[in-house]
Amino acid sequence: MTDAPTRLTIRRPDDWHVHLRDGAVLNGVAKYTAHQFARAIVMPNLSPPVTTVEAGRAYRERIVAAAGPGFTPLMTAYLTDSIAPDEVARGHSDGVFTAAKLYPAHATTGSAHGVTDVANIRKVLERMEAIGMPLLVHGEVTDSHVDIFDREAVFIERTLAPLVRDLPGLKVVFEHITTAEAAAFVAESGPNVAATITPQHLHINRNAMFAGGIRPHMYCLPVAKREHHRLALRKAATSGSAKFFLGTDSAPHAVGAKEASCGCAGIFNAPYALESYIAVFEEEGALDKFEGFASLNGPAFYGLPVNEGTVTLEKAPVTVPDVIDANGTPIVPFHAGETLGWRFIG
Ligand code: NCD
Ligand code: ZN
C-alpha cells in the first residue's frame, strides 16, 4: 500500500455548466469561477434570455470585464420555439455560441421562454447536427402530472431517447444528471452523448432538503433524488468514462430569494467547487480519475484543446463561510458552515 496522496496537481480544469447572472451579481460571482477554471460554458437564462448572436457577444464582453484576464467564457444560445436556425448557426460560425441550450418551457429558473415541444425546433437541431454544434439539455418533462422526482427519467423515455435515435450525429450533453437512469442512458448511448454532473448531486440526496426542517439552500433543479441515484452518479463520475465531466450548475440566488414562501431553485457552489468534487473522488478511492473528469473529458467532447497549466489541491481543512457577499448581494454557498478536507492552492 502506498500512502494516500496529500497533494494533487491536475491540468487546469473547466466548468461545463455555470450560471454567472448579469449586472452587479455577475460582478460579484464571476471571480470565483475564473479563480478555479480556465473556461466555462455559460448558461443563457438571463432575463431576457440570450437568443441572438448580438446578445451573446455583448454578454460575453460583460463576463470578460467582470472575470478579468485568463478566463474564457464559452457562450450558449437559448433555444426558443421560434429561434431561427440561421441565427444559431451564425453564432456558431462567428465563434460566439459554442453550444445551444434546450430548456423545456417552465422546467426551471429562467425557462419561461423555453421550448414547448422539441418538434418546434427540429430544423434548428438538424442544422446543429450538420455543423457539429452541441445541444445542451435540461432533461426534465414539465407535465405537472408527472411526479417531480420522476421527471428526468420520463424525459429520457419521452424526449431524449427518440431525439438521439432520430439525430444520431447530434452531439448532446445531458446536463446535471440526477438519476441512475440518466447515468445508464449516457453510458449506453453512442459517443455523441455525454453528461455533466454537479457537486451537489454527488454529495446530497433528497433527504438533505428536509433535514430537521425545510432547507431551501439544498434545493435545485433537477431536484436531488434518492440515495441509490446519488450512488449511481458517484460511480459514473469516478468510473473513468470519458462521457462524464464536470459541470457545477452553480446557480446563485440572493438569500432572500431562496428563503421565501416560494424559493428559487439553484445552489451556489462556485467558490468551493473543486474542493467539493475532490472530496467525492477521495471518498470513492478514485483520485486518479479526477483529472479526466475535471480537465480532459469535457474538452475532448467539445473538440477543444485541453488547457495549458495546472492547478493544485492539498489536503488541509477549509471552512466554507455561512454567507458570501457577491458585490452587495448575500448568497449562501453550498457546504455553508462545513469544513472540507482539501484546499485549492491554485
Ligand atoms: C438554475 C438557475 O437558477 O438558473 N437553477 C437550478 O436549480 N439549477 C437553472 C437550471 O439550471 O435549472
Ligand atoms: Zn443550470
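Which backbone lies 2.7 Å from an oxygen atom of ligand 1 through an N or O atom? In this predicted model, that backbone N or O atom belongs to Leu 221. Taken alone, ligand 1 exposes 310 Å², of which the protein buries 100% (accessible areas by the Shrake-Rupley method with a 1.4 Å probe).

Local features in the predicted model require pLDDT of at least 70 and side-chain atom pairs pLDDT 80 or more, whereas totals for chains, interfaces and linings use all residues. Side-chain values rest on heavy atoms, without hydrogens and water, residues are numbered from 1 along each chain as its sequence is written, and chains are lettered from A and ligands numbered from 1 in the order in which they are written.

Ligand 1 is surrounded by 15 residues (a heavy atom within 4 Å), the closest being Arg 21, Asn 45, Thr 108, Leu 221 and Asp 249. By class, this shell comprises four nonpolar, nine polar and two charged residues (Asp, Glu, Lys and Arg count as charged; Ala, Val, Leu, Ile, Met, Phe, Trp, Tyr, Cys and Pro as nonpolar; the others, Gly among them, as polar). Side-chain polar contacts (N or O pairs within 3.5 Å) to an oxygen atom of ligand 1 involve Asn 45 at 2.8 Å and Thr 109 at 3.4 Å.

The zinc ion (ligand 2) is coordinated at 2.0 to 2.1 Å by His 17 (NE2), His 19 (NE2) and Asp 249 (OD) (donors are N, O and S atoms within 2.8 Å of the metal, or 3.2 Å for Na, K and Ca). In sequence, the donor residues of the zinc ion follow the spacing H-x1-H-x229-D.

Key: A polar contact is a pair of N or O atoms within 3.5 Å; within protein, one must be able to donate a hydrogen and the other to accept it, and residues adjacent in sequence count only if both atoms are side-chain atoms.
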